[in-house]
Amino acid sequence: MNYTEFYRTNYQNMVAYARTFVPADCAEDAVQDALLSLLEHGDDPDDCRNFMAYAMQTVRNRCFDIWRKKQYMKKHEVALTQEELIRTCSVVNNNALRWM
């Protein structure tokens, strides 16, 4: 089985598997990124004893990468929002003091 056949045969199953880890909108990205990574590394479905297991592990790892990135973004978005709130309150308080 060549890479194109592997893709056509297994893509939907891989997306379904990815959806167990990340939201549906991220699942296809994870699968495409994983398959592209396998292709770039020169991994051939014919050379690997159980290429499907190897590919699914790669998909799972990509899903975890996406999840970690989203958690990081949420954490820093909240921190940024708090910093903006503090800055905004300082500006409002300073302006209010000027009017007194």
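**Aromatic rings and helix packing**

Guide: Phe6, Phe51 and Tyr54 together make up one aromatic cluster. The model is predicted, and local features need pLDDT of at least 70, side-chain atom pairs count only at pLDDT 80 or more, while totals for chains, interfaces and linings use all residues. Residues are numbered from 1 along each chain as its sequence is written, and side-chain values use heavy atoms, with hydrogens and water left out.

Rings of Phe, Tyr and Trp (its six-membered ring) pair if their centres lie within 6.5 Å; planes under 30 degrees apart count as stacked, over 60 as edge-to-face and the rest as tilted. By this rule there are five aromatic pairs. One of them joins Tyr7 and Tyr11, a tilted pair with 4.9 Å from centre to centre and 40° between the planes. Both residues belong to helix H1 (residues 3-18), where they stand four residues apart, about one turn of the helix. Helices here are DSSP runs (H or I, at least four residues), numbered from the N terminus. Tyr7 is partly exposed, with a relative accessible area of 35%, whereas Tyr11 is buried, at 9%. Buried means under 20% relative accessible area, exposed over 50%, and partly exposed in between (1.4 Å probe, protein chains only).

Phe21 and Phe64 form an edge-to-face pair, 5.3 Å centre to centre with 80° between the planes. Phe21 lies in the loop between H1 and helix H2 (24-40) and Phe64 in helix H3 (residues 51-99), so this pair ties together parts that are 43 residues apart in sequence.

We turn next to the packing of the helices. The axes of H1 and H2 come within 9 Å and cross at roughly 145°; axes are lines fitted to C-alpha atoms, for helices over the stretch in contact, and angles run from 0 to 180 degrees between N-to-C directions. Among the residues making this contact are Tyr7, Tyr11 and Met14 of H1 and Val31 and Leu35 of H2. Contact means heavy atoms within 4.5 Å. Leaving aside neighbours within four places in sequence, Leu35 is in contact with Tyr3, Phe6, Tyr7, Tyr11 and Met14.

The largest nonpolar core has 19 residues, and Met14, Val31, Leu35 and Val59 have the most contacts inside it. Such a core is a set of buried Ala, Val, Leu, Ile, Met, Phe, Trp, Tyr and Cys residues joined through side-chain atoms within 4.5 Å. H1, H2 and H3 are the elements that give two or more residues to this core, and H2 gives the most, with seven residues.
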